Amino acid sequence: MTTSIIRLLIIVILGSSGALFSSGMVEAQTYDAAAAKARNKIRDRPPILRSQIFKYLVEAQEYVNEKNYDGAWERIKTMKNLDLNPEEEAQYINFSGFLYTEQKKYPEAIEAYEKLSRQPKLSAQMEDMISTVLAHLYFKTGENKKAIEYMARYLKYTEKPPAESYVLLSQAFHKLDDRESAVHYLHCAKKLHDKGGQKMLEKDYDAWRDLYLALDMKYEGLAVQQSLVKQYPSQARWRALSETYTRLIADHDETAPLSLKKLKSLQKKASKKAGG
């Protein structure tokens, strides 16, 4: 995930001419239209690149594609001899962070992108991408509060974020033992997936269901499991769902949102789908 985001940041650099939900520990911001408009008016501008700098970056990327990181480092370091303007300096730092990430040197990559975030006159688009890169890097290194901080910064200015942004927030909150927030952001991710006609990943469904079960919200977990089987039908999934119905039948009482009759009917159907 992190590498693909950084690749996108490089493409953007080379090719380009709410409401607050809080937990007990940290806060995550959703889209703030007024703030985004104000910032974009100030920040958006085309990059100023000399053709020689562009050439070095393209050649460095070709070395990376061949896994020749020494060659890539040598190529971009030649840029430092050219009296770089602020935009070119930002690109040098960006590519350095990208190379560190490709080599799994995450602390060095974080240092590079933190430095990049402090560069003057960055475009709004670059600022947003830096925020997502740092969010993923901090998550990789276990600094979950920092991951949430940077993803929140990205979401504040992004009207239509990818669903994966909310998945990362959920994972970071889960690492902080804030299951309620983790559930909330997986719900946000699912809504975006549905809106875009895409499937949520199986592992995210599994995490969502497990979070509900940890919160002793069995029927909410059941609803997630039903959605999972609908999206990814298999005998194994139907068998697991049948076993869930069996447990709910055994634990059934008058407060349950589904009647015993309904649960038994659903269990019978799931068992048949599972080949039982």
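User: How many residues does helix α3 have, and how far does α3 reach from its first C-alpha to its last?
Analyst: In this predicted model, helix α3 covers residues 51-65, which makes 15 residues, and it reaches 21 Å from its first C-alpha to its last, close to the 21 Å expected at 1.5 Å a residue.

User: Which residues of α3 are buried?
Analyst: The buried residues of α3 are Ile53, Tyr56, Leu57, Glu59, Ala60, Gln61 and Val64.

User: And what follows α3?
Analyst: Lysine 67 follows α3, and the phi of lysine 67 is positive, near 60°.

User: Switching to rings, how many aromatic pairs are there?
Analyst: The structure holds seven aromatic pairs. In one of them, tyrosine 166 and tyrosine 185 have ring centres 6.0 Å apart and planes at 10°, so this pair is stacked.

User: Where do tyrosine 166 and tyrosine 185 lie?
Analyst: Tyrosine 166 is in helix α9 (residues 163-175) and tyrosine 185 is in helix α10 (residues 179-195), so the pair ties together parts that are 19 residues apart in sequence. Both tyrosine 166 and tyrosine 185 are buried, and Tyr166, Phe173 and Tyr185 form one aromatic cluster.

User: Why is the pair of tyrosine 205 and tyrosine 232 edge-to-face?
Analyst: The ring centres of tyrosine 205 and tyrosine 232 are 6.4 Å apart with the planes at 80°, and an angle over 60 degrees counts as edge-to-face. The pair links distant parts of the chain, 27 residues apart, with tyrosine 205 in helix α11 (residues 202-214) and tyrosine 232 in the loop between α12 (218-231) and α13 (235-250).

User: Are those two tyrosines buried or exposed?
Analyst: Tyrosine 205 and tyrosine 232 are both buried.

User: What lies over the face of tyrosine 232?
Analyst: Lysine 199 does, at 4.8 Å from the ring centre of tyrosine 232.

Technical notes: Residues numbered from 1 in each chain as written. Predicted model: local features only at pLDDT ≥ 70, side-chain atom pairs only at ≥ 80, totals over all residues. Heavy atoms only, no water. Phe/Tyr/Trp six-rings, centres within 6.5 Å; stacked < 30°, edge-to-face > 60°. Helix = DSSP H or I, 4+ residues; strand = E, 2+ residues; numbered from the N terminus. Buried < 20%, exposed > 50% of the residue type's maximum accessible area, 1.4 Å probe, protein only. Lys NZ or Arg CZ within 6 Å of the ring centre and 35° of its normal. Expected span 1.5 Å × (residues − 1).
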